[in-house]
Amino acid sequence: MRGRWGARAGAVVLCGLVGLAGAGGAHAAERAETPAAYLAERLKKSPVFLSDQMPRTTPRSAKPAFVKEAKRTGVPTYVAVVPTSAGSGDEGLLEAVHDRMGERGLYVLLSGDGGSPRAAAFGVDVQAREAAMATTFELPYDAGALDAFRHFVDVIRSGDAAARADSGASRSRAGEEPDSRYTSPSQRDNQSFLTGLLLVGVPVVWVSVGWYVRRWRHGKGARPPVVGAVIPAVVSAVVIGAGAPLLWNDTRTDGDPLPTAADMAARTDRVAEALRDDAVYVDPFASALLTRGQRDKLEARAQRLERRGVPVRVVVVPLGPEDESAGDGEAFAHLVHQRLGTAGDGVYVVAPPSETGGLDLVNHGAKIASAQLYESTEKLRYGEDTSAGDGLYGRLEAALRAIGRAPSGPSEGPYLEPPAAPDPVEEDALPALYSGDFTGGVALGAVAGPLALGPAAGGLGLARRAGFAWAAPATGGRGAGRTGTASRSGPGGPRKPAPGDGPPHEVPHAPARPSTGWLRRTARRELDALSAQFERLSEQLDDRIRARAWGCLDAATLLLDQEGDSRVDADADAPTLAAGLALVRAGHATVRDRDLRFPAELRLCLLNPLHGPASVTRKLELPGEGSARARPVCSACGAALAARDSASGIQSAVHVVQTVGARLLCLRTSGSARLAAREPYHRVPGPLGARHGTGGGASLTADQIVRRVREQLGVH
């Protein structure tokens, strides 16, 4: 199941730059001037448009299902399903599409990975915005795009969209969240464990208690209790064994339609066809980030490199877990090269459509030294090359310059082969119920019988003292001896045994849903930098500053390098890496702000501890809380949470919910699959987890994380 904690913020994020992840169509049609123009052009051909860039969640072959739902609205309906793109919103996108279409009706914009729809009605009597808001609050985070649209239509048809929107906002403010719609891998593990526990434990308890009762009663009666226990034990085993798969019959972690081979190849084919004619390909609507002159300069430089014997392909496309490459630029380049064959040999530069960030450079058959190219462009690939110019063009220009400086070499493949993208069907398949933790449940169930003897003996003793005849042991033998012992204890039975703000600072970059690879690379780089900085400045630091900075550096090193080889552990999971990086950034902030007032405690941003120290407080509500409380956050989160002065109460509440959903750090739990659902960091076990909840005046400080790490690792 894909993590969709940010889905409730999708109604704001899915806007102008949503077209950056636009979809298929003829190469000429991809030169639309604006996102509105492109969407209008596609919707004129068909009232339902599905991008080809998220085949893992919303494949184009699912279009008939969306058409079916659109017809249920009872009014002309135009639906566009596009990928979520990072960037600022354009509140007038649907209005601009309508202006270009010139058609009355209901206009709906959906994110490819599910979440909140955006809707507007023009010339029809439909409560579009209220229905979209109700859908936002009523759907769980694991709902897909088709789920969201189907629910949206249901709200429209109900006729009480406004009331449902108000009710949903009230429940959200009260901390109530809808239950998940699908079974997650962790839930399946729990189901498997419980099935094994019951399948073995219940029959064992029947037989064990029956044996004890028979021993207590000494075989009194025509049908000894042990015989009466075997029959229900067998029946319970059959009922549990056959009923559990019927009760827990989910086979997938989500309800996304399954893609076809054509769905998975659609975007790759489109990009490959475009690269047959041009060395530079920019995805639909991403052309707003590059002027015509800049594209011409890139193409001219690519042609000069090709004349030198080094063909170059520059590709600007969105990358995310929903696409055919699962968000891996190198894997996408490999797919495009496979489609082009030897005619596509060259160096591929793959960049996401954003003004900042990294890119991928990978060699597929060009006569250039792949190893030297890979090593010399490390900072550029991670978006840290300060010599690169501003914006997307500056990064692409720097990449082409780096290719031009690279030494010649044999025609070879990538320096490091990218891992294959997960199978789009298998990645969301749940394991069988009788697998995984099932064996652990069976093992615990096997010892349930002896454990049940204590309550059974206590119950029989109480029943006997209460005077129930059926609980009295048979006379004679061991039963008589037990009766005598009990009587000597007397009528009374056996004898009883004797939780301050920090300084303002620049907020470091940290995505709300970081990949494990990003966490590992960033933690490794910043840990080395903090270590060198501390060694250089240690003698100049005040004792309190030195102690706090050393505590953060020492705890981060203990956590990230548990193998003791002076490297970040290759098997460190996301919660461990996130905690280590938060400590590194806290230590860096301590040294950086050494000339400012020393705070008694270094509180971290509660929305995303990777942002570093908190500098302001804002009233907000984390998932699972009953009400909003003042929380310490960084300056960037504080600015994002600030509501517009003209906003109404409901609009302000929606704004805060969406902002928290978009900026709250969410991590995959230890052992989760690549596309498994993410959880808010304070719910994930680890040094960042909130062990006692998030209520009261709870905050997260660097000293708390240091203590938790040392306790976890047994270091004092």
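Is glutamate 397 buried or exposed, and what is its relative accessibility? At 11% relative accessibility, glutamate 397 counts as buried, where buried denotes under 20% relative accessible area, exposed over 50%, and partly exposed in between (1.4 Å probe, protein chains only). The model is predicted: local features need pLDDT of at least 70, side-chain atom pairs count only at pLDDT 80 or more, and totals for chains, interfaces and linings use all residues. Residues are numbered from 1 along each chain as its sequence is written, and side-chain values use heavy atoms, with hydrogens and water left out.

The structure contains 28 salt bridges, each defined as a side-chain nitrogen of Lys or Arg within 4 Å of a carboxyl oxygen of Asp or Glu. One of these joins glutamate 397 to arginine 301, with an N to O distance of 2.7 Å. Because arginine 301 belongs to helix 11 (residues 292-307) and glutamate 397 to helix 15 (residues 391-405), the pair ties together parts that are 96 residues apart in sequence. Helices are DSSP runs (H or I, at least four residues), numbered from the N terminus. Arginine 301 is partly exposed, at 22% relative accessible area.

A further salt bridge links aspartate 703 and arginine 548, whose closest N and O atoms are 3.8 Å apart. Aspartate 703 lies in helix 24 (residues 702-713) and arginine 548 in helix 20 (residues 543-560), so this pair connects parts that are 155 residues apart in sequence. Aspartate 703 is partly exposed at 28% relative accessibility, whereas arginine 548 is buried at 8%.

Salt bridges with shared partners also join Glu69, Arg72, Asp147, Arg150, Asp154 and Arg181 into one network.

Note on methods:
Helix = DSSP H or I, 4+ residues; strand = E, 2+ residues; numbered from the N terminus.
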